[in-house]
Amino acid sequence: MLREAGVTEGMRVLDVGSGAGDVALLAADLVGPDGLVVGVDLDAEVLKTARQRVHGRSNVEFVTGDCRSAELGDGFDAVVGRLALLYVSDPVAETPER
């Protein structure tokens, strides 16, 4: 699915609602060492599991916070999210200005 969506080497990808990192780690393999995947999730405990699963990849990082307000950097080529909207209290609310 990520390949069909156009995720390729060198891209910067944001994984919203990263959880244990399943999608982020798949994306990290696709973007390769010149790309970067940033996973964000509200649950600090589940992100501990995601960080343990990195296994030497230097192109993936996980941030604890709300995807609408956390400092995540700029310039993402793609945004992915699996099941993320299930955990957003108001998924159609406007994103606050940064």
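So, is Asp 22 buried, partly exposed or exposed? With a relative accessible area of 31%, Asp 22 is partly exposed; here buried means under 20%, exposed over 50%, and partly exposed in between, using a 1.4 Å probe on protein chains only.

Quick word on the source: this is a predicted model, where local features need pLDDT of at least 70, side-chain atom pairs count only at pLDDT 80 or more, and totals for chains, interfaces and linings use all residues. Residues are numbered from 1 along each chain as its sequence is written, and side-chain values use heavy atoms, leaving out hydrogens and water.

Okay, salt bridges. I mean a side-chain nitrogen of Lys or Arg within 4 Å of a carboxyl oxygen of Asp or Glu, and the count by that rule is four.

Start with Arg 53 and Asp 22: their closest N and O atoms are 2.6 Å apart. Asp 22 sits in helix 1 (residues 22–31), and Arg 53 in the loop between helix 2 (44–52) and strand 3 (60–64), 31 residues away. Helices (H or I, at least four residues) and strands (E, at least two) are DSSP runs, numbered from the N terminus. Arg 53 is partly exposed, at 30%.

Asp 22 also meets Arg 82 in a salt bridge, at 3.1 Å, N to O. Arg 82 lies in the segment after strand 4 (78–81), so this pair ties together parts 60 residues apart in sequence. Arg 82 is partly exposed too, at 48%.

Last one: Asp 29 pairs with Arg 57 at 3.0 Å. That links helix 1 to the loop between helix 2 and strand 3, across 28 residues.
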